[in-house]
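Subject: Structure handover

Hello,

Here is the structure you asked to look at. My notes on what I found in it follow below.

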Amino acid sequence: MTLYQRKTLPSTLMGDPAPLPAELVGLSDACLADLSAAVPDAAEQLGYAGQGFFPFTPPPAPPPPVDQVNKIDFLRLFTNEELGGLLQAAKVSAAVAVYQYKLDQAEVVRLSDPDIQAGIPALEASGLLGPGRAAQILAGEAP
């Protein structure tokens, strides 16, 4: 069933999508767009003077969240400064070195992977990433 949005002309505000009133079914979309111009007497009698009905087109669905990225695209989620800090930290922290080793072995990175889901917030908590950066990285948002 096609839904329509009611609009008082010439306003740009559209009403909520709803089924077309039964008394208007069968009119063309061109007539529905300005009832007063297309069928002035009927529009007045039915209480639709100065109004139009427009087919509702739902907005496109948002793209699915990014989950799997190749390694270079994963690294692009970090700033150069963040990557530099991580490389330095891997020299003195076994935990960061292990994380780096796992990344080196991966062919692709799944942002939903449990190691990524736990590791990125841990990097933020340790101060290697700025506040809020873990959420951005896990959402696949480049800086």
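I begin at the start of helix 7, where a side-chain oxygen of Asp113 comes to within 2.7 Å of the backbone nitrogen of Asp115. Please keep in mind throughout that this is a predicted model.

Helix 7

Four of its residues, Ile116, Gly119, Ile120 and Leu123, are buried. They sit on the same side of helix 7, because the arc they cover around the axis is only 100 degrees. As background, an α-helix has 3.6 residues a turn, so residues three or four places apart point the same way. Pro114 and Ala125, on the other side of helix 7, are exposed.

What covers the buried residues of helix 7? The cover includes helix 4 (71–75), helix 5, helix 6, strand 5 (108–110) and helix 8. Just after helix 7, Gly127 has a positive phi of about 90 degrees.

The cores

The largest nonpolar core has 18 residues, and those touching the most other members are Phe74, Phe78, Ile116, Ile120, Leu123 and Ile137. Two or more residues of this core come from each of helix 5 (80–92), helix 6 (94–105), helix 7 (114–125) and helix 8 (133–138). Another core lies apart from it; that one has eight residues, including Tyr4, Leu20, Leu24 and Leu32.

Neighbours within four places in sequence aside, Ile120 is in contact with Phe74, Phe78, Tyr99, Leu129, Ala134, Ile137 and Leu138.

Arg133 belongs to helix 8. Is Arg133 buried or exposed? Its relative accessible area is 9%, under the 20% cut-off, so Arg133 counts as buried.

- the backbone oxygen of Leu77, reached at 2.6 Å
- the side chain of Glu82, in a polar contact at 2.8 Å

Not counting residues up to four places away in sequence, Arg133 touches Leu77, Phe78, Thr79, Glu82, Glu124, Glu141 and Pro143.

Pro143, from that list, is in the segment after helix 8. Its relative accessibility is 59%, over the 50% cut-off, so Pro143 counts as exposed. Besides Arg133, Pro143 is in contact with Arg76, Leu77, Phe78 and Thr79, again leaving aside neighbours within four places in sequence. Pro143 and Phe78 are 65 residues apart along the chain, yet their C-alpha atoms are separated by 6.6 Å.

Strand 1 (residues 3–8) pairs with strand 2 over two bridges in the antiparallel sense. Tyr4 has Ala18 in strand 2 as its bridge partner. Tyr4 is also one of the residues of the eight-residue core.

Regards

Definitions and conventions: Residues are numbered from 1 along each chain as its sequence is written. This is a predicted model: local features need pLDDT of at least 70, side-chain atom pairs count only at pLDDT 80 or more; totals for chains, interfaces and linings use all residues. Side-chain values use heavy atoms; hydrogens and water are left out. A nonpolar core is a set of buried Ala, Val, Leu, Ile, Met, Phe, Trp, Tyr and Cys residues joined through side-chain atoms within 4.5 Å. Buried means under 20% relative accessible area, exposed over 50%, partly exposed in between (1.4 Å probe, protein chains only). Contact means heavy atoms within 4.5 Å. A polar contact is a pair of N or O atoms within 3.5 Å; within protein, one must be able to donate a hydrogen and the other to accept it, and residues adjacent in sequence count only if both atoms are side-chain atoms. Two strands pair if DSSP finds at least two bridges between them. The arc is that of the directions from the helix axis to the C-beta atoms.
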